[in-house]
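Work through the following exercises with the sequence and the model side by side. Each task is followed by a solution that goes step by step.

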Amino acid sequence: MTALGFNADDLAANRAGSLSTGQAARLRKNWRRQLTVSIILVIVLMFVATTLLFLGQRNDSGALTFVGMAITVINAVIVGVGAQSYLRLSGDLRVGSVIATSGAVKRVVRVASGRATSYVIRVGDGGDVNVSKVVFNAFEEGQRYTLYRAAASKALLSAESL
């Protein structure tokens, strides 16, 4: 409970197939934080792309124009990812949007370039769940758990040992 930050009321709501009020607020807060970062990034990249396109045209530089266009495309991708994030949040906030997966836990550390880069919890055939190191260490290898996840974003909401 401590590692994932949920309480008995949250777990009861998840067992019933829905989000608790606190979990819905936490998902909204995370989305707002992501939205803020995305907006700042889009604005900065917009100014950089505009400047590069202007300088490319002014100096007759194909390289600057190309980089400016590439940054414009990257900006469009960031906006698309933001829209996708909003759609996932909307899906998560619908009633009955919690999915439960039960089974024995397998803990996996994915390593890249010789150092740990991500911690994964695998429960049965429910797929992989990326978690923080604190949450990863809270699970016992081989122990049976039920994981409750948001249906659209697949965010881990709560878990209980069986």
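For the classes used below, Ala, Val, Leu, Ile, Met, Phe, Trp, Tyr, Cys and Pro count as nonpolar, Asp, Glu, Lys and Arg as charged, and the others, Gly among them, as polar. The model is predicted, so local features need pLDDT of at least 70 and side-chain atom pairs count only at pLDDT 80 or more, while totals for chains, interfaces and linings use all residues. Residues are numbered from 1 along each chain as its sequence is written, and side-chain values use heavy atoms, with hydrogens and water left out.

**Exercise 1. Describe the lining of the second largest pocket.**

The volume here is about 150 Å³. Among the residues that line the second largest pocket are M1, F6, F139, Y145 and E160. Elements α4 (133–138) and β5 each give two or more residues to this lining, and the largest share, three residues, comes from β5. By class, the lining of the second largest pocket has nine nonpolar, one polar and one charged residues.

**Exercise 2. Find the salt bridges and place their partners.**

A salt bridge is a side-chain nitrogen of Lys or Arg within 4 Å of a carboxyl oxygen of Asp or Glu, and by this rule the count comes to three.

Take E160 to begin with: it pairs with R15, the closest N and O atoms being 2.4 Å apart. This pair links distant parts of the chain, with E160 in strand β5 and R15 in helix α1 (residues 8–15), 145 residues apart. E160 is buried, because its relative accessible area is 17% (buried means under 20%, exposed over 50%, and partly exposed in between, with a 1.4 Å probe and protein chains only).

Next, D128 meets R110 at 2.5 Å, N to O. Since D128 lies in strand β3 (residues 128–131) and R110 in strand β1 (residues 98–112), the pair ties together parts that are 18 residues apart in sequence. D128 also meets R122, at 2.6 Å.

**Exercise 3. Examine the positive phi angles of D60 and K154.**

Most residues other than glycine have a negative phi. D60, in the loop between α2 and α3, has a positive phi of about 55 degrees although it is not a glycine. With a relative accessible area of 72%, D60 is exposed. K154, in the loop between β4 (144–150) and β5, has a positive phi of about 65 degrees. K154 is partly exposed, with a relative accessible area of 39%.

Conventions:
On a 1 Å grid over the protein atoms alone, a cavity is a set of points where a 1.4 Å probe fits but cannot get out, and a pocket is an open set with protein on both sides within 12 Å along at least five of seven lines; lining residues have an atom within 4 Å of a point. Grid points are joined across faces, edges and corners, and a volume is the space filled by probe spheres set on the points. Helices (H or I, at least four residues) and strands (E, at least two) are DSSP runs, numbered from the N terminus.
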